[in-house]
Amino acid sequence: MPPFSYLLFGILTALATGAVGFVPLFGGPGYEHALATGLLVPTFAGLATALDVSKNDTLTPLRAVGRGVLCGLAYAGVALGTALLHAARVGICELWGALLYFGLTAGAGIVLGGAWGAVVGEVVSYLVRVRGFRWRKLVVVFGVLAAPLGCIALSVYRFYTSPMIFAFDPFVGYFSGTLYDTVIDAGNALLTYRFGSLATLVALALFASIATRQSDSWLRFDLSSPGSRGRAALGLLAAAASLGVYAYGEKLGHFSTPESIAKDLGGEKHGNRCDVVYPSTTREQEANLLVKDCDEEIVAVEKAMGTSGPPRVRAFFFRDATDKKRLMGAANTYIAKPWRREVYLQLGTYPHPVLAHELAHVVAGSFGRGSFRIAGDLGGILPNPGLIEGIAVAAAPDDEDLTDAQWAAAMMKIGILPSMQRVFSFAFLGDASSKSYTLAGAFISWIGTTRGWETVRAWYGGGDITALTAKDWPSLDREFRTHLEGIALPVEAESFARAKFARPGIFGRKCPHVVDALRHEADVCRDTQRYEEAIRLYREALSKDAADFVSQKELGGVLRRHGDKAQGKLDLERLVGTESVPRTIRDRAEETLADADFIEGSFELAAQRYEKLAAHTVDEDVARTLEVKALAAQLPEARPSVQALLLGDEKRGPNVFLGGIELGAWHAEARSPLGSYLIGRNLLNHGFIEAGAKALDEALEGTLPTPRLARETIRQRAIAACALSDQETLVRLRARIESDADPFSGASGGRRSATLRMIARCAAPN
């Protein structure tokens with residue numbers, strides 16, 4: 001009969017993993033389940049084995065290790081069994097891939113936990129037998145916990161002392177480090193890491209096979225026979241392989257350091273306040289703009305917050321999302337580490353769309369709490385995500401058409417505005433990030449306006465907002481809602497707010513990791529003209545989550561353009577006509593129908609669809625693109641250029657090279673403000689700033705066909721002036737915006753404010 005410890009901790013394993021499975025997203029094998037299992041069950045296996053081995057005088061070291069491994073395998077089976085039971089209850093996302101992932105992460109970790117328990121048991125057995133130590137169980141507990149807690153401490157140390165946010169761990173396996181990147185892929189680094197784990201286990205078993213217990217001393221290794229010497233040699237070889245994997249972990253992608261990342265990227269420049277690390281393949285002008293952008297943004301953020309940040313900030317710019325994930329862990333999530341005075345982003349156009357937001361985190365660190373310089377309880381150990389993200393949103397608002405306050409007012413009108421106390425708690429993570437960030441930013445902006453930014457800083461630094469404002473949370477909530485009631489909204493704001501913010505966060509979605517990975521792969525196939533494979537993958541994603549409206553829309557679009565056109569048209573029309581589908585998805589589906597009409601020569605029908613969509617959308621960029629397409633459908637001379645740039649043809653997608661050729665031919669034949677705008681914008685996007693500015697000036701000399709195009713031409717010209725430090729043009733553009741002939745008149749206000757902020761930032765001395 002097995003010792004009681006195995007039964008006890010086996011029951012605890014079943015209860016713990018069974019309970020965890022009732023949490024959304026943990027119900028079935030997958031990343032979250034493996035993470036929770038790896039945090040708990042290896043310790044259970046270690047304790048059960050150590051308690052057995054430490055009191056069993058008849059066990060050999062090899063049998064002790066064997067018991068630990070068998071215990072680990074048994075507990076891994078129990079944990080996996082509870083996950084499969086939950087999968088039968090809620091449905092499974094992807095079986096074989098999930099089983100493989102479990103085996104490489106928590107499964108292997110539980111076996112290592114059992115083996116570690118055997119080591120601890122042997123040590124405690126020696127202490128009891130030889131040293132007469134009495135507190136056997138206490139030493140077992142501390143000894144077993146030392147390894148998992150030590151590994152966690154090492155990961156926290158690396159998180160604190162380097163840019164990396166991911167972690168490879170012997171017991172957990174892999175932690176991606178970010179909540180908002182839904183595609184979890186440890187890549188080949190997990191395989192090489194687990195090769196090291198296997199080598200460790202093999203070395204331990206081989207050494208145990210030649211070890212014997214002594215009644216009055218430590219273990220003795222028997223090297224008297226050729227077989228034992230051979231096992232010892234193999235054990236040394238396995239130990240060397242394990243140590244080699246650890247020693248080369250940086251090169252294998254198991255961890256990174258600031259130096260290794262800087263070396264991989266290869267380029268570095270230094271500005272007035274910013275040290276910028278960037279890919280060495282970046283063109284010199286673009287690298288200089290990164291430095292200029294950072295230097296200007298940090299001054300603007302400090303002005304908004306009414307404080308001074310650190311004297312210098314280091315900004316890492318990665319080649320793309322894949323490169324960023326490989327080197328520091330976050331793919332599509334932008335990261336700042338205030339305590340390190342560092343930000344981590346992908347390369348982007350000037351001005352960078354999120355650089356100011358991340359710099360705001362660093363500046364906020366000047367009045368943040370604890371070692372991490374953030375807002376939170378217990379000296380910043382328990383973070384307040386709403387306050388951390390909200391202060392950055394408030395200090396560096398984006399350039400959306402609606403302000404954060406307008407979005408919050410729209411949410412209130414459609415009945416999805418939560419209490420503000422909820423937003424500034426861990427419930428912040430339960431909603432979609434766009435909703436949580438927007439509300440937190442709107443509330444902090446309101447506090448800053450009505451109570452002063454000194455109140456915001458004091459709150460962030462650990463003060464109680466109810467004490468600082470002399471109002472309890474319900475009173476603050478009512479006052480904020482009264483403020484929102486007085487904010488004017490465009491007609492369509494409510495329907496777009498419902499589409500943008502009513503969708504669930506990651507914990508409310510079904511199979512988000514699998515579905516997003518499939519959709520991403522399908523998008524790649526679509527863009528590389530492998531349409532049959534794209535159709536298959538979109539359908540597979542929908543088999544996991546039938547309510548994935550994005551995949552529904554993309555599948556309909558590929559069918560309409562490149563597959564069963566009749567079926568694709570029916571699918572898209574069904575999306576357009578279904579009220580329960582979010583408004584943005586319905587509009588994108590109708591735009592896809594219009595694109596197909598355009599490509600097939602039904603220009604009048606396409607123009608009607610485009611104009612209808614442009615008339616009611618509140619997204620300035622989307623509406624402007626729709627207007628350009630509508631104009632091209634009506635103007636034969638504009639069709640080749642716009643089709644090449646924005647639509648593609650029956651076989652291919654859009655192509656900027658072909659678009660450039662067509663634009664050049666159109667521009668040579670007849671100068672058009674619309675053509676000049678398109679030329680200037682594309683030149684600017686590709687780094688040809690002087691030429692782009694000249695083309696935009698030509699566009700502004702004429703009459704642009706719509707107010708949105710006029711506004712965007714001015715905004716793009718302001719970007720060019722900022723990049724060129726053209727103060728004269730900046731002054732002229734600001735005067736034009738602030739005049740009675742304000743081109744932003746009639747717009748929602750968010751884009752106008754953002755443009756003026758950018759001009760002020762560029763005009764201010766650093």
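## Helix packing

Helix axes here are lines fitted to C-alpha atoms over the stretch in contact, and angles run from 0 to 180 degrees between N-to-C directions. The model is predicted: local features need pLDDT of at least 70, side-chain atom pairs count only at pLDDT 80 or more, and totals for chains, interfaces and linings use all residues. Residues are numbered from 1 along each chain as its sequence is written, and side-chain values use heavy atoms, with hydrogens and water left out.

Helices (DSSP runs of H or I, at least four residues) and strands (runs of E, at least two) are numbered from the N terminus. Helix α9 (residues 258-265) packs against helix α11 (residues 321-328) at about 150°, the axes being 10 Å apart. The two are therefore roughly antiparallel (over 145 degrees). On the α9 side, the contact (heavy atoms within 4.5 Å) involves I261, D264 and L265; on the α11 side it involves D323, R326, L327 and M328.

## A cis peptide bond

Y350 and P351 are joined by a cis peptide bond, with omega about -10°. P351 lies in the loop between β9 (342-346) and α12 (355-364).

## Positive phi in loops

A470 has phi near 60°, a positive value in a residue other than glycine. This residue sits in the loop between α18 (465-469) and α19 (473-485).

Conventions:
Parallel < 35°, antiparallel > 145°, perpendicular 65-115°, else oblique.
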